[in-house]
Amino acid sequence: MRCKLCAREAVSDLCRYHEEAKGQVEAAYRLWKEAYGTLGWEDYLREVIKNPETGEWAVEVARLMRASSARGSAAASSS
Amino acid sequence: MSDDPSARGYTLVVCEKPDAARRISEALADGVPSTVSVGGVTSFSIQRKGERYVVCAAQGHLYDVSDPFAERSIYPVFDVEWFPHDKVAKGDAVVSRRIGAIKILAKDADRFVNACDYDAEGETIGYNLLRYGCGGAERNALRAKFSTLTKEELVEAFEKASNSPRNGLANAGRARHVVDFVWGVNLSRVLSQSAMIASQKYRTVSVGRVQGPTLGFVVGKEIEIRTFVSRPYWAIRGLFEKDGTRFVASYTADRVYRRAEVEKIEGECVGKEGRVAGVTRNVFEYPPPPAFNTGDLQKEAYRHFRLSPSRTMQAAERLYLDALISYPRTSSQRLPASIGYRKILQAICSLKEYSNANELLEGTLEPVQGDMYDSAHPAIYPTGERPRRALGYPEAGLYDLIVRRFIAAFAPAAKREAVIVTVSVGGHRFKLGGRRTLVTGWLRYCGKYARPDETEIPTLGEGDLLRLLKIEHEEKFEPRPQRYNQSSLLEKMERENLGTKATRAEIISTLIARGYVHGESLIASDLGLAVIEVLKRHAPSILSTDLTRAVEERLERIESGIEDGRSLIRETVKTISKQVAALRADEEAVGHDLSSAALATIAGQGTLGICPVCRTGKLRVIRSKKTHKRFVGCTNYSEGCRASAPLPQRGAIRPTNKVCAHCSWPIIYVGGGRLPWRLCVNASCPSKVSRKNAL
């Protein structure tokens, strides 16, 4: 099975590099919440995507997470 | 005495390069050298103190290590031999002619002198030439050792030329070639063959003893950068005033990681008076740097001229062959008195651009000596000779850098002052400071190459009261790690003791040539990432810096004559056998991983930007199998994304890395030459629709 974001072999639904990036995105959320006091997950992802310091794979993963989060919200509101 | 090359009884001098041969002939000859042509190859014939010499040259390595089969599907190979270079790199006629000429000249020589560069590579070149090209003359040949190609030094080197039966340098050089060949050819063949089995296409995937760990550094950094998520912080600054003079001071902690804390600090400072809690004044000596060794020269040349390490060495080699500088491949940062400090400085200071250094000649000349030492050569220094030709780019800049560094080594230390003022306000501390040069010392001779920071020193004393005008904060984000460039990667290799001063630049060039890294900031390609991934998974010890370092230490022992090369080669064979077996056992998985990387590389190539429809895929150039026309499609097509657009069918297409302000689709360049035109990829872009309507 191929990674959802690139042509590499997937370890889950992502390759090991995008998986690592996902871990970094998730871990950094705690630090960002501490920094701003309050920060929603979607807002956080938006900021990470916009941030020029964010690495390429982290941006790709953040986009994917934001898209699936948006799909999840849309599905929840339609039901 | 006749200059006829067929006349017997002369000393054959072997040099590393034709330019060196010419210089040596001119230096040694009693009159003017005459040229001798044998098989289309020019050598020089001279008379010296009643004796005849013929000076010939190699052109770098004329002999290489290879395996007798030279067949890429056969591995492992451990029975290696030295072959003429034209047998290894088939059809190299230049080498073939040169070896032929030297064999003819060797027949009538009754004495041999090795005058190749005095380092492991030079010794290897000379040894092989004498052994294979001159019928075993390496045993009795004399060795002339010199660090510059000035007449004075060359004459002295030849007067003192002697035979040393135990040649540690040559043994180490030859052992290095064998070890590197066994390592490189076997690993490269198993990886390339595995990739071919998986993809049905041959592609060379090479990895070497030092190349592997070096690529590992770049890949490690690449992963760190691409997975990086920054952390926000705040920098707080206070604007203070005293007697009409304003001062900007930074909060004592450079980074405050919580916004709530920033607001608290600001709240506690606003409306309060500041008081200077302390003034720390530090005057320190700033000693001159020692003369360059190879690594330092490469780093500084990159810093000032953006020259890659290999380009620096090419330029330095030219300066050396012009007898303007000493041998540029050296670890040493020391200048021995035997080079003649005063004579060199006097010659340099006679040039207008360095005339301000004349004042140094009034005192005793004692240069600052660095920590590093090389038994073969001193630090790089200018010879004091005048250039015979106008120096172009980059030789002129490099020469200037070397001269100024040499002059600076004799100059007194500079003196600098750093002042830090601490201001207390509202229970918090702020700091400001300044730096200045009190005594220029050596800095005045280095010109633009040494311009330390000069910032105004605040005129404040302890107890002074300051009015706080404003306190402000700036939100920042931790910067992502920096990629290696060629200079910093070289530095990393030096720190890890990987490779040698002669080989590091070449290894970096090889990584670029093989497509494992690209760009000025060295970016690892997908293939580079895959090679390291495969090695980590199936043969991790190949990437071990400990293993590579241990080999370097053994080579140093061989160089010192403590051991010969045989046991190192035996151990290398054992190590590589195991690694090849491990990779072969996982051949399918290895090939699959490498082929995936090739796929990912291809998928990455030709991409134009992020797909604005699904926002996770990439738009790339696709050619229809049916119509053969090119168009743009999304890499997430199989996931359901139908973003597509037609493309112009003529002209090269390149991404601009910019998006259209109207529709966020990528903008591309179409066509080559000086004026490619820009185009939004989106056929339905509002800007195109409105233009059409206007027409």
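## A partly exposed valine

Let's start with B:Val283, which is partly exposed because its relative accessible area of 45% lies between the 20% and 50% cut-offs. The structure here is a predicted model. Along chain B, B:Val283 sits in strand β11, which spans residues 273-286.

## An open sheet in chain B

Further along chain B there is an open sheet of 4 strands, arranged in the order β17-β18-β19-β20 with antiparallel pairing. Its edges are taken by β17 (607-610) and β20 (644-646), each of which has a single partner strand, so one side of each is left without a neighbour in the sheet. On average, neighbouring strands of this sheet are turned by 25° against each other, direction ignored.

Now for one pair in this sheet: β18 (residues 618-623) and β19 (residues 630-634) of chain B run antiparallel and are joined by 5 bridges. In this pairing, B:Arg623 has B:Arg630 of β19(B) standing opposite.

## The buried side of a helix in chain A

Over in chain A, helix α2 covers residues 41-50, and its buried residues are A:Tyr44, A:Leu45, A:Val48 and A:Ile49. These residues cover an arc of only 135° around the axis, which puts them on the same side of α2(A).

Note on methods
Residues are numbered from 1 along each chain as its sequence is written. Chains are lettered from A and ligands numbered from 1 in the order in which they are written. This is a predicted model: local features need pLDDT of at least 70, side-chain atom pairs count only at pLDDT 80 or more; totals for chains, interfaces and linings use all residues. Side-chain values use heavy atoms; hydrogens and water are left out. Two strands pair if DSSP finds at least two bridges between them. Helices (H or I, at least four residues) and strands (E, at least two) are DSSP runs, numbered from the N terminus. Axes are lines fitted to C-alpha atoms, for helices over the stretch in contact, and angles run from 0 to 180 degrees between N-to-C directions. Buried means under 20% relative accessible area, exposed over 50%, partly exposed in between (1.4 Å probe, protein chains only). The arc is that of the directions from the helix axis to the C-beta atoms.
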